[in-house]
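The sequence and structure come first.

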Amino acid sequence: MKKIKSNEIVTNKLVKTDAKLYGYIPDKARDVANKICTIINASEADEGGIISVVGPQSSGKSLVGMELIEKFDGKELKIVAAQPKADRSDVPEGKLFSRVGYEIPAVSFQTKKEIEKIFHCNDIVVIDEIQFTPTSLQSYLLKEMRMFKDRGGWTIVLGLLYTSLGTEFLISSVLKDEASALFQLKSTCQMCGRRNAIYNQRLVKGKPAANTAPDLMPPSSDVIYEPRCQDCYVVVGE
Ligand SMILES: [Zn+2]
């Protein structure tokens, strides 16, 4: 397995690209991963749970997942990284990907059988991009996750809470309320520069998204996304 070589390297690589904007994010991600690690290690042998990590793009969610894989991989508990097969260029198949430039292998799932296998073969399951789980699989995934918890398994779900229209993705919303621990990451607002962005601003040909647009639109030459704070985030009404 290709691993993050050390925490230092992640920070250094980022420093070269976007130090001023995002340089603090790997440290925050590491801090959240450490807290999750403590929760799991302190649990009773038969005690499982669901832990939710939400945040906008570029807030370090995937880095939290990578840190967790590195912490647990090869040790007593069996851990796996997974994500829904999303058929989007920004969600590559078979790996978790961080904008910092690091990636680790991950199981992409698109059937109930594949979901079942993930939960039956592991003690800890990290699922990234949870919001892209196809609607037809969401209730099944929830059921498997709850049964896994009852068997003493831990699921860490990483993903966006808010759609680009400012509403909550249903699966993220349900898991946020059900989780035994919730971590809310923030990013740097691309308008004002404050480190309190919780939304993803969709810009279509440079203009803020309209509330009549679909919830999901993959990035393209016309559609881009950027983290924004509550004050700078805009959705144009009808
Ligand atoms: Zn702002």
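The model is predicted. Its pLDDT averages 89 over the chain, and 92% of the residues score at least 70. Residues 1–12 have a pLDDT below 50, and this stretch makes 17 contacts in the model beyond near neighbours in sequence.

**The sheet**

Six strands, with parallel pairing, make up an open sheet in the order E5-E2-E6-E7-E1-E8. Strand E5 (107–109) and strand E8 (181–184) are the edges; each has a single partner strand, so one side of each has no neighbour in the sheet. From one strand to the next the twist averages 20°.

Strands E1 (residues 49–54) and E7 (residues 154–159) run parallel and are joined by 6 bridges. Within this pair, valine 53 has leucine 158 of E7 as its bridge partner.

**Helices on the sheet**

**Helix against helix**

| Helix pair | Angle between axes | Distance between axes |
|---|---|---|
| H4 (residues 112–120) and H5 (residues 135–150) | roughly 20° | within 10 Å |
| H2 (residues 25–41) and H3 | about 50° | 8 Å |

With axes crossing at roughly 20°, H4 is roughly parallel to H5, because angles under 35 degrees count as such. H4 passes H5 in a right-handed crossing. On the H4 side the contact involves Lys112, Ile115, Glu116 and Phe119, and on the H5 side Leu137, Tyr140, Leu141, Glu144 and Phe148. By class, the residues of this contact are 6 nonpolar, no polar and 3 charged.

H2 and H3 pack at an angle of about 50°, and they are therefore oblique to each other. The crossing of H2 past H3 is right-handed. H2 contributes Pro26, Ala29, Arg30, Val32, Ala33, Ile36 and Cys37 to the contact, while H3 contributes Leu63, Val64, Glu67, Leu68 and Lys71. The contact of H2 with H3 has 9 nonpolar, no polar and 3 charged residues.

Terms used
Residues are numbered from 1 along each chain as its sequence is written. This is a predicted model: local features need pLDDT of at least 70, side-chain atom pairs count only at pLDDT 80 or more; totals for chains, interfaces and linings use all residues. Two strands pair if DSSP finds at least two bridges between them. Helices (H or I, at least four residues) and strands (E, at least two) are DSSP runs, numbered from the N terminus. Axes are lines fitted to C-alpha atoms, for helices over the stretch in contact, and angles run from 0 to 180 degrees between N-to-C directions. Angles under 35 degrees count as roughly parallel, over 145 as roughly antiparallel, 65 to 115 as roughly perpendicular and the rest as oblique. A crossing is left-handed if the near helix is turned anticlockwise from the far one by less than a right angle, and right-handed if clockwise. Two residues are in contact if their C-beta atoms, placed from the backbone, lie within 7 Å. Ala, Val, Leu, Ile, Met, Phe, Trp, Tyr, Cys and Pro count as nonpolar, Asp, Glu, Lys and Arg as charged, and the others, Gly among them, as polar. pLDDT is the predictor's confidence in each residue, from 0 to 100.
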